Amino acid sequence: MGEPAQKLDPVNKSPQEETISPWKEAWRKFRKNKIALVGTSIVFFFILIAIFAPLIAPQGINEQDLPNRLQPPSSDFWFGTDDFGRDIFSRVVFGARLSLTVGFLAVVGSAIVGSMLGIIAGYYGKWVDTIISRIFDIMLAFPSILLAIAVVSILGPSLRNALIAIAIINIPNFGRLIRSRVLSVKEEEYIMAAKAIGMSDSRILFSHVLPNSMTPIIVQGSLAIATAILEAAALGFLGLGAQIPEPEWGAMLAASRALLVQAPWTLFFPGLAIMLAVLGFNLMGDGLRDALDPKMKT
Amino acid sequence: MTTETLLRVENLKKHFPIRGGVLGKEIGSVKAVEGVSFEVKKGETLGIVGESGCGKSTTGRMLLRLIEPTDGKIYFEDQDVTELSTSDMRKLRRDMQMVFQDPFASLNPRHTVEKILEEPLKVHGIGTPKERKQKVRELLEIVGLSSYHAKRYPHQFSGGQRQRIGIARALMTQPKLIIADEPVSALDVSIQAQVLNLMQDLQKEFQLTYIVIAHDLGVVRHISDRVGVMYLGRMAELTESEKMYDKPLHPYTQALLSAVPIPDPLYEKDSIVLEGDIPSPSNPPSGCAFHTRCPYKMDVCTQKVPELREHEPGHYVACHLYTEEGSAAGQNKQLPEEGKHE
Ligand SMILES: Nc1ncnc2c1ncn2[C@@H]1O[C@H](COP(=O)(O)OP(=O)(O)O)[C@@H](O)[C@H]1O
Ligand code: SF4
Ligand SMILES: [Mg+2]
């Protein structure tokens, strides 16, 4: 049996050498990325706040205290109070629950539906692809917030309907991404190799095409949560999302917009929360992209 | 070596449609393979060489029907492969396996070596999980790797090692025929010989029949019993390896050989330099496809396609220098050097 490979091939590894899975490799890269770690910390910070909101918030979301209305930030009211005397800190803390839940659920929803449509379009091609792709094109032709407004005006304004609207408008982003990914994975030589060993098409789809099309969903997903939080806030601001007295950040901004000069803290803290949350998910998403899928462009 | 025929290919063709316009109408076709015929005997190695784009990969892939032929017949052990249903064809792939050119692209980066090697067994329902894992380890050792490599991922290996994995995968189902499409052209020169040697050892050990595709004659020289030279979708010359190197008949083969660096400084030979580019297979030249670059071109060459004919026993050539039309044309034809000694 020829020369032993070990002698001449330079990349030989000893038996002790660990198995480096693609996930492990990605994690190594991600860990070295300081900015991504900052983003991830922000995300986890908000997740913890959302989970432990009742323990963190000194007051409920709607405890009106009119004598103490429009108090500036102080040791009693960290973020001050609004014009009903409600503790803004408590409301911002509970608001994290709403924003994160809406962002997460909307994105999971659009990722599932979008990926399924994208896979069907990419895998079956032909007219199925044409129809699905055209629908995506049409949806993407409208500014997404307009589309969301249209959906909410059909369903009626509420936080739940805002969530559904955000899920719907994000479907084509996921759909197109997965479709193009499936198309390129289909052309990979290991797919040809799988055919050559006698694998059936459906088996190839599940064991080769899908797993190799998944990383963009994770990347796109974390970036999309940032956008979804922003969109939820925008709908809340327009009165089409969360309804009074729900402590949704966008709705809080809208309710206080007349107080910009008189009590700027009523706007500052909800605004800061939106900004930080969006920033956190964006930085984390960028880091995930660099680690998982450097070729991917969003 | 028995003389039993394992594979017979008759007039195989593949035309890839070229679509254009808004409606995606067919506006032409790439004639990737244009009527190729050959036989492969049990236990032999047939080399197929030719410049890049001449249809070697397409031919190889059609044999397993990874690409559906446009026309022609493929007989594997006297069974007409082109008539098989999709599921019967999949089953037959147990006996016909493929080694791919790019050892980086042909292994799924998300699967461990074990999973990659086990897959053919699973697909064909061979063995219990335990037996399969055992077989994976055995084959890793056979191809010169170690059983502890099973748990690693492709990116942890060098190019040569990955190609060994690719070869192990092709061997898993104990096939009769292995089609190796440029198995070493992506590897460092120092590694190429190792992999070719391995393939030869495996051939002896497992009584394999090989079709080895390469873009230069040097690679297939030692490993092949017979060699076929392809040009623009057609077989230009087909004969025993020795003959092909000692006495090439087709002007294209002669040109290819004179382009191979010859290690022996005493070896003297007029070299024919290939001028011009390969014509496009979507619009091949009339008559002999090589006439645009052939130093011996005659009038008949632009008009009539030369058929692949047995010029001497076992030596097939498709060139008008060796047909009646060519001779009858009575032209002042100049036989290429090797032909002259006849
Ligand atoms: N799927 C395809 N669609 C269209 N043209 C193709 C396709 N595959 C190969 N070709 C064309 O067919 C010709 C032969 O290709 P190929 O068999 O890959 O050549 P080789 O392996 O000898 O380099 C080339 O001109 C190539 O561009
Ligand atoms: S047929 Fe004519 S053009 Fe073609 S190789 Fe022979 S001599 Fe040259
Ligand atoms: Mg090729």
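**View 1. A nonpolar patch on the surface of chain A.** A:F44, A:I47, A:L48, A:I51, A:F52, A:L55 and A:I56 together form this patch, with about 680 Å² of accessible area. Two helices of chain A, α3 (34-51) and α4 (53-56), each give two or more residues to the patch. Helix α3(A) provides the largest share, four residues, while A:I56 lies in α4 of chain A. Patch members have over 30% relative accessible area and no salt bridge, with nonpolar side chains (Val, Leu, Ile, Met, Phe, Trp, Tyr) joined within 5 Å; areas come from the Shrake-Rupley method with a 1.4 Å probe, and for residues only the protein chains shown count as cover. Helices are DSSP runs (H or I, at least four residues) numbered from the N terminus.

The model is predicted, with local features needing pLDDT of at least 70 and side-chain atom pairs pLDDT 80 or more, while totals for chains, interfaces and linings use all residues. Residues are numbered from 1 along each chain as its sequence is written, chains are lettered from A in the order written, and side-chain values use heavy atoms, without hydrogens or water.

**View 2. Where chain A meets chain B.** Here 36 residues from chain A and 43 residues from chain B take part in the contact (heavy atoms within 4.5 Å). The two chains bury about 3,600 Å² between them, 54% of it on carbon and sulfur atoms; this is the accessible area (1.4 Å probe) lost on being put together, summed over both parts.

**View 3. The salt bridge across the interface.** One salt bridge is found between chain A and chain B (a side-chain nitrogen of Lys or Arg within 4 Å of a carboxyl oxygen of Asp or Glu). Its partners are B:R61 and A:E189, whose closest N and O atoms are 3.3 Å apart. On the side of chain A that touches chain B, α9(A) gives the most, with six residues.

Methods: Patch = residues over 30% accessible without salt bridge, like charges linked within 9 Å, V, L, I, M, F, W, Y side chains within 5 Å.
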